[in-house]
Amino acid sequence: MLYTPNFRKIFNLLNLKKQCDQYRVGLWGCPQFLFVIMGVVIVISIIGTNIAVRRYAEPEISALVVMGVTAILFAIGHAVVSSFERVAEDSLAKSEFISIVSHELRNPLTSLRWQFDLLKRDYFNLSEKQRQEALEIIGNDSKRMNEVVSDMLAVHRVEEKAFKLNPEFFSLVDLTGIVAKNYEKQAQKNGVKIEISVQENLPPVFADKKKIQMVIEHLIDNALKYGRQKQTVRVEIEKDGKKTRWSVSDQGVGILKKDAEKIFQKFFRARNAFWHQIEGIGLGLYIARQIIEKSGGEINFKSRENKGSTFWFTI
Amino acid sequence: MNKEKIYKILFVEDEPGFQEIFKNALEKNRRYRIVQAFDGQEGLKRAREEKPDLILLDLILPKKSGFELLKDFKEDKDLAAIPVIVLTNLESGEDIEKATSLGAKAYLIKADYGLDEITSRIEKIIKDCIPDDENK
């Protein structure tokens with residue numbers, strides 16, 4: 001048989017845009033594209049050096065040219081390495097995803113089914129207390145699954161290109177009060193008090209109220225989960241230049257130094273979260289960051305291991 | 001008559017709900033006694049202390065994963081011979097292969113079974129894995 005080169009395949013390999021779309025990164029974060037740029041720079045610099053050396057006999061100038069070219073190549077090399085890292089991180093996030101879904105979604109689902117089986121089979125043999133326990137587990141399982149699913153949907157939404165915010169004027173203080181009230185029961189269960197302190201005469205903020213509520217919920221939820229029992233979770237709202245600064249502090253397990261820079265990444269779960277058996281799928285802070293950044297604000301934290309963390313955002 | 005030996009089964013699982021269900025279901029058979037461990041480290045500690053006849057092991061665990069535990073069991077000469085049944089919701093071929101190559105005797109995916117099915121399956125595997133009384 002005659003060998004015909006697969007032109008389509010070769011063309012696809014040359015089609016950088018398609019290649020880079022596969023990784024879901026921008027052109028400047030895409031290894032293939034950066035390699036091509038590097039190649040072009042090398043070719044230009046070889047030609048350029050040749051011409052320059054012929055024109056200017058002074059060794060200083062050729063040394064300068066060589067240094068300049070080296071610097072450019074170094075910068076591009078650095079970009080290539082970090083783009084590879086990002087692509088690798090992405091695939092890591094994917095495998096994390098599978099493990100998290102199986103633990104956080106299938107476990108409650110299985111538990112739901114088994115508790116139901118238990119009730120169906122042994123309903124009359126179970127004591128009143130056992131029945132209550134089974135029903136409570138069923139309730140918690142379905143609640144947990146609902147949370148996981150809504151976080152996943154939220155991630156999908158904030159990542160969409162068409163993600164839109166519907167800003168309006170509202171009082172951040174009132175909104176915080178409503179959210180805190182919703183979490184009162186959960187806080188009481190752990191013996192935690194939620195304290196809100198507010199600077200006087202705060203102007204309303206202009207943002208997407210529903211989305212900001214989501215951010216506040218995630219941050220307060222984290223503070224309750226990672227804080228210790230019988231302590232206080234403190235929310236502070238104050239002016240910060242033209243913006244408003246919202247922060248929540250707990251006195252909990254804190255964040256390990258080596259985890260600090262990954263804490264806002266998708267599906268990242270802090271090492272000590274597993275240690276302390278804290279449920280979660282590693283999406284809350286990622287969603288919060290997307291929303292705050294798209295609203296033109298800033299979000300960050302400071303933390304000390306075993307002393308607690310403060311998460312804050314401005315809007 | 002041979003006196004009935006009581007079999008000690010170590011169950012390493014972080015979900016308290018699962019722990020309760022299996023304790024109730026398996027201890028109905030009076031020859032089984034369940035020892036509970038809620039994370040990987042506790043699992044290893046309990047295995048060393050209790051020398052169970054069989055280990056039921058979840059894979060995604062706090063503090064130490066089930067895979068790490070399988071490795072630890074294999075390397076510990078006192079524990080290497082204890083049969084381990086993996087009971088998990090991880091279902092990729094890769095995970096199954098990894099667990100089996102680390103010495104798991106059986107691999108059960110939780111979500112595939114109803115309560116009666118899973119308990120009867122576990123009981124059957126336990127019967128197959130644990131040798132009958134030596135003095136019989």
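Mentor: Let us begin with pairing, since two strands pair if DSSP finds at least two bridges between them. Keep in mind throughout that this is a predicted model. On that basis chain A has an open sheet of 5 strands, in the order 2-4-5-7-6 and with mixed pairing.

Trainee: What makes strand 2 and strand 6 of chain A the edge strands?

Mentor: Strand 2 (193-198) and strand 6 (298-304) of chain A each pair on one side only. From one strand to the next the twist averages 15°.

Trainee: How do you know that strand 4 and strand 5 of chain A pair, and in which sense?

Mentor: The requirement is at least two bridges, and strand 4 (residues 232-240) and strand 5 (residues 243-249) of chain A are joined over 7 bridges, in the antiparallel sense. Within strand 5 of chain A, A:Ser247 is the residue that stands opposite A:Glu236.

Trainee: Why is A:Arg234 called partly exposed?

Mentor: A residue is buried with 20 or more other C-beta atoms within 10 Å of its own and exposed with 12 or fewer; A:Arg234 has 18 C-beta neighbours inside 10 Å, and therefore counts as partly exposed. This residue has its place in strand 4 of chain A, and, leaving aside neighbours within four places in sequence, A:Arg234 is in contact with A:Glu195, A:Ser197 and A:Ser249. A:Gln251 is 17 residues from A:Arg234 in sequence, and the two are 9.4 Å apart from C-alpha to C-alpha.

Trainee: What makes helix 10 of chain A largely enclosed?

Mentor: Of the 11 residues of helix 10 (residues 284-294) of chain A, 9 are buried, so the helix is largely enclosed by the rest of the structure. The buried residues include A:Tyr286, A:Ile287 and, among charged side chains by class, A:Arg289. They pack against helix 5 (128-159), helix 8 (209-226), strand 6 and strand 7 (308-314) of chain A. After helix 10 of chain A comes A:Gly296, whose phi is positive, near 80°.

Trainee: Why are helix 3 and helix 4 of chain A called roughly antiparallel?

Mentor: Helix 3 (residues 31-55) and helix 4 of chain A pack at an angle of about 175°, with their axes 10 Å apart. Angles over 145 degrees count as roughly antiparallel, and the two helices of chain A are therefore described in that way. Among the residues of helix 3 of chain A that take part are A:Leu34, A:Phe35 and A:Met38, while helix 4 of chain A contributes residues including A:Ile72, A:Leu73 and A:Phe84. By class this contact has 18 nonpolar, 4 polar and no charged residues.

Trainee: Which elements of chain A give two or more residues to the side that touches chain B?

Mentor: The contact takes 18 residues from chain A and 15 residues from chain B. Helix 4 (59-122) and helix 9 (271-275) of chain A are the elements that reach two or more, and helix 4 of chain A supplies the largest share, 14 residues. The side of chain A divides into 6 nonpolar, 8 polar and 4 charged residues.

Trainee: Turning to chain B, what pattern does its secondary structure follow along the sequence?

Mentor: Chain B has 5 helices and 5 strands, and these follow the pattern β-α-β-α-β-α-β-α-β-α. The 5 strands form an open sheet in the order 2-1-3-4-5, with parallel pairing.

Trainee: Why do strand 2 and strand 5 of chain B stand at the edges?

Mentor: Strand 2 (32-37) and strand 5 (106-109) of chain B each have a single partner strand, so one side of each is left without a neighbour in the sheet. Helix 1 of chain B lies across strand 1 (7-12) and strand 2 of chain B, and runs at about 165° to strand 2 of chain B.

Trainee: How do you know that strand 3 and strand 4 of chain B pair?

Mentor: Strand 3 (residues 54-57) and strand 4 (residues 84-88) of chain B have 3 bridges in the parallel sense, where at least two are needed. B:Ile55 stands opposite B:Val84 in strand 4 of chain B.

Trainee: Which residues touch the most other members of the largest nonpolar core?

Mentor: In that core of 41 residues they are B:Val12, B:Ile55, B:Leu56, B:Leu57, B:Val84 and B:Ile85. Helix 1 (residues 16-27) of chain B gives the largest share, 5 residues. Apart from this core lies another of 38 residues, among them A:Val158, A:Met214, A:Ile237 and A:Ile287.

Technical notes
Residues numbered from 1 in each chain as written. Chains lettered and ligands numbered in written order. Predicted model: local features only at pLDDT ≥ 70, side-chain atom pairs only at ≥ 80, totals over all residues. Helix = DSSP H or I, 4+ residues; strand = E, 2+ residues; numbered from the N terminus. Axes fitted to C-alpha atoms, helices over the stretch in contact; angles between N-to-C directions. Contact = placed C-beta atoms within 7 Å. Parallel < 35°, antiparallel > 145°, perpendicular 65-115°, else oblique. Core = buried A, V, L, I, M, F, W, Y, C linked by C-beta atoms within 7 Å.
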